[in-house]
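Visitor: I am new to reading protein models, and I would like to learn how to look at one feature after another. Could you take me through this one?

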Amino acid sequence: MLINEQIRDREVRVIDENGVQLGIMNIKEALRIAEEKKLDLVKIAPHANPPVCKIMDYGKYKFELAKKEKEAKKNQKVINVKEIRLTTTIEEHDFNVKVKNAVRFLQDGDKVKVSIRFRGREVLHPEIGEEIINKFIEKVKEYGVVEKKPKLDGKNITAVIAPKQQ
């Protein structure tokens, strides 16, 4: 936003600090009025014909904008995607540890991406990997819902599980 002497237009439509239109006037007169009120002249609509300028306390305006932005950011929920990698030859105990971690992630509100990478000749039997992922999804279905079904993509099978809404 342009303020005070940065504004280069000859004529501008001026609005005072209370929102009352003062009309179209030349820039020098608008700056003089803003100076008398000890406020700034801020160009708020540069593409209008003539451009619209408002008389306001620019520092206070910037502070209010920053405050609103901070409040909006505070109310935002950040969702992370945690990845759990399995193998086609995973043992039962290791599998249960991965399930336990996935349940913890889902309870914390994070999404879980489950992936199996096929190495060597394992890629010839993708049904084994799909079976393991389906078993994994079955174990965590109480805590999450499948957002993206298991899909073979090159040498990987991936699925995404989102936390259940309370």
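Predicted model: local features only at pLDDT ≥ 70, side-chain atom pairs only at ≥ 80, totals over all residues.

Visitor: With which residue does Glu-147 form a salt bridge?

Guide: The partner of Glu-147 is Lys-111, and the closest N and O atoms of the two are 3.0 Å apart. Glu-147 belongs to strand β7, which spans residues 144–153, while Lys-111 belongs to strand β6, so this pair ties together parts that lie 36 residues apart in sequence.

Visitor: How many salt bridges does a search of the whole structure find?

Guide: The search finds seven. Another one joins the side chains of Lys-43 and Asp-9, with an N to O distance of 2.6 Å. Lys-43 sits in strand β3 (residues 40–45) and Asp-9 in the segment before β1 (11–15), so here the parts tied together are 34 residues apart in sequence.

Visitor: How should I read strands that lie side by side, and in which sense do β5 and β6 pair?

Guide: As a general idea, the side chains of a regular strand alternate between the two faces of the sheet. In this structure β5 and β6 pair in the parallel sense over six bridges, and Leu-86 stands opposite Ile-116 of β6. Between the two strands the chain passes through α3, and this β-α-β crossover is right-handed.

Visitor: Which residues touch the most other members of the largest nonpolar core?

Guide: They are Leu-86, Phe-136 and Val-140, in a core of 20 residues. At least two residues of this core come from each of β5 (81–86), α3 (92–107), β6 (111–117), α4 (126–140) and β8 (156–163), and α3 gives the most, with six. There is also a second, separate core of twelve residues, including Met-25, Ile-27, Leu-31 and Ala-34.

Visitor: What does Leu-86 touch, if we leave out residues up to four places away in sequence?

Guide: Its contacts include Phe-95, Val-114, Ile-116, Ile-132 and Phe-136, and also Lys-98 and Arg-117.

Visitor: Where does Lys-100 lie, and is Lys-100 buried or exposed?

Guide: Lys-100 lies in helix α3, and with a relative accessible area of 61% it is exposed.

Visitor: What does the UniProt record say about residues 79–164?

Guide: The unreviewed UniProt entry annotates that stretch as "domain: Translation initiation factor 3 C-terminal". Over these residues the chain is 36% helix and 36% strand, and the C-alpha atoms at the ends are 13 Å apart.

Note on methods
Residues numbered from 1 in each chain as written. Heavy atoms only, no water. Core = buried A, V, L, I, M, F, W, Y, C linked by side-chain atoms within 4.5 Å. Buried < 20%, exposed > 50% of the residue type's maximum accessible area, 1.4 Å probe, protein only. Helix = DSSP H or I, 4+ residues; strand = E, 2+ residues; numbered from the N terminus. Contact = heavy atoms within 4.5 Å. UniProt positions renumbered as here; feature names shortened; annotations may be inferred. Salt bridge = Lys/Arg side-chain N within 4 Å of Asp/Glu carboxyl O. Pairing = 2+ DSSP bridges. Right-handed = clockwise from strand over helix to strand, strands pointing away.
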